[in-house]
Amino acid sequence: PLVSSGQEPDCYARNIELGSALLFQVATAIIHVISVVMTVIMISHIRSKYTAVGRKEMVIFFYLFLLASLVEFVLVLGIVQSGALAYKILVGVEQGLISSMLFALLMNGFVGFQWMDDGTPTSLWSIRLSSLAVFVVVALISTGTFLDFAGLQSSQPIAVFVTFFILNGALLVAYVISQIVLVMKTLDNRWPLGDIFFGVIFFVIGQLFWFFFSVEVCESLDHYIDGMFFGTMFNLLSVMMVYKYWDSITKEDLEFSVGGKMNVWEVREPLMNNEDFSYKKQLAPNSSMHLSHSQSVHLAHSQSQLFGGQNPLTPTQVTGPPSHPQRH
C-alpha cells in the first residue's frame, strides 16, 4: 500500500477489537513474539560458547534479526496506522534492517574461511560499520520512495524492488554458496550441508506463502490466518537453521571454556589420600604437634607407598621414641 496507487489485499486475516483498539494480524504477531523469544535464546547459547570461531560476529546477525522482528511486530499488529508518517518511516527502517541483517550474515560466512582473526576489533568493526552503511542506504531509499523525497517516487518504486528482491536475494545466494564451499573444502563432516539444505527449503516455502499462496490460505481458513502467518513462521525456521548450522561447524575448547556449566574432570588414581594429607599437615614446619610412635610408623609406611618404596623425608628408618634410663 506504500507504493504505486495503493491496493487493498483480496483477502486478509480477521481483525480483533480490543477495547477501543483494532488489532491486525494477531496470529502473525504471536509468531513474532515467539521469534523474539527464540532469538534471545539463540543469542544466549552463542555467547556461552566462549571459544567458538566467529561467536562475536554471529551475534551481530541475530541482534539485527531481533530488531527487525520487533519493528515488524509493531507494523503488522497495527499499533501504528498505515497512513501515518511514522508507519512509512518504520517500514523504511524495517527494510534497512533486513538488508543489513543479510549482509551481516554474508560477512559471517566469510569469517569461517579465517581470512582475518575472528573476535578482533578489525573483524567486528568491519562487520558493524559495513552493516550500518547498508542499513542507512537501504532505509533512506525505502523511506525516500514512500515519502516521495530526494527524487524518489512511490509511483515508480524501482529502487525499493531492487534492494528488497535483487540485493537481498544476491546476499542470500552468496552466503549459501560460500558455506557449501566451506563445508566441502575445509570440513570432514558433511552433515552441516543438511542444515543448509533445510534452511533454504524453509526460506523458499516462506516466500511462497508470502507472495503466491496467501489468498488461497486466507480463503480456505475463513480469514482466520493468511499467508503472512506461515511466511513468518517459515522465515523463523530458516533463521533457526542458520543457528543450527553455525553450531554444528563450531567446536568449543573445553579446556578454556568458562561457561555456566561446570566441567567434570575424572581423576583415575588420586595422588594422595586423606590420611596422607593429614600427615603432611602434621609435618608442617610451624606445627607444634609431636608424633607418637604409632603415628611415626604409619607415616613412614604411607610415604613409602607414595614414593615407590623410598622415603624422601627420612633417610633412615623411623624408630620408636628414645627410652629413658631406668632409675635404680
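Which residue lies over the face of Trp125, and at what distance from the ring centre?

A: In this predicted model, Arg128 lies over the face of Trp125, at 4.9 Å from the ring centre.

From that ring we can turn to rings that meet other rings. A pair of aromatic rings is described by the distance of the centres and the angle of the planes. A search of the whole structure finds 12 aromatic pairs. One of them joins Phe61 and Phe62, whose ring centres are 4.9 Å apart with planes at 75°, so this pair is edge-to-face. Both Phe61 and Phe62 are buried. Phe197 and Phe198 also form an edge-to-face pair, with 5.5 Å from centre to centre and 75° between the planes. Phe198 counts as partly exposed, because its relative accessibility is 43%, which falls between the limits of 20% and 50%. Phe197 and Phe198 belong to one aromatic cluster, which also includes Phe202, Phe209, Phe213, Phe229, Phe230 and Phe234.

Phe165 is found in helix 5, and it is partly exposed, with a relative accessible area of 43%.

Helix 5 is also the place of Gln179, but this residue is buried, with a relative accessible area of 3%. The side chains of Gln179 and Tyr245 are joined by a polar contact of 2.7 Å.

Charged side chains come next. Side chains of opposite charge can pair when their charged atoms come close. The structure holds two salt bridges. In one, the side chains of Asp247 and Lys49 meet at 3.0 Å, N to O, and this pair links distant parts of the chain, since Asp247 is in helix 8 (residues 227-249) and Lys49 is in the loop between helix 1 (26-48) and helix 2 (55-76), 198 residues apart. Asp247 counts as partly exposed at 29% relative accessibility, whereas Lys49 counts as buried at 10%. In the other, the side chains of Lys244 and Asp195 meet at 3.9 Å, N to O. Lys244 lies in helix 8 and Asp195 in helix 6, so the pair ties together parts that are 49 residues apart in sequence. Lys244 counts as partly exposed at 41% relative accessibility, whereas Asp195 is buried, with a relative accessible area of 11%.

Notes:
Residues are numbered from 1 along each chain as its sequence is written. This is a predicted model: local features need pLDDT of at least 70, side-chain atom pairs count only at pLDDT 80 or more; totals for chains, interfaces and linings use all residues. Side-chain values use heavy atoms; hydrogens and water are left out. Helices (H or I, at least four residues) and strands (E, at least two) are DSSP runs, numbered from the N terminus. Buried means under 20% relative accessible area, exposed over 50%, partly exposed in between (1.4 Å probe, protein chains only). Rings of Phe, Tyr and Trp (its six-membered ring) pair if their centres lie within 6.5 Å; planes under 30 degrees apart count as stacked, over 60 as edge-to-face and the rest as tilted. A charge sits over a ring if NZ of Lys or CZ of Arg is within 6 Å of the ring centre and within 35 degrees of the ring normal. A polar contact is a pair of N or O atoms within 3.5 Å; within protein, one must be able to donate a hydrogen and the other to accept it, and residues adjacent in sequence count only if both atoms are side-chain atoms. A salt bridge is a side-chain nitrogen of Lys or Arg within 4 Å of a carboxyl oxygen of Asp or Glu.
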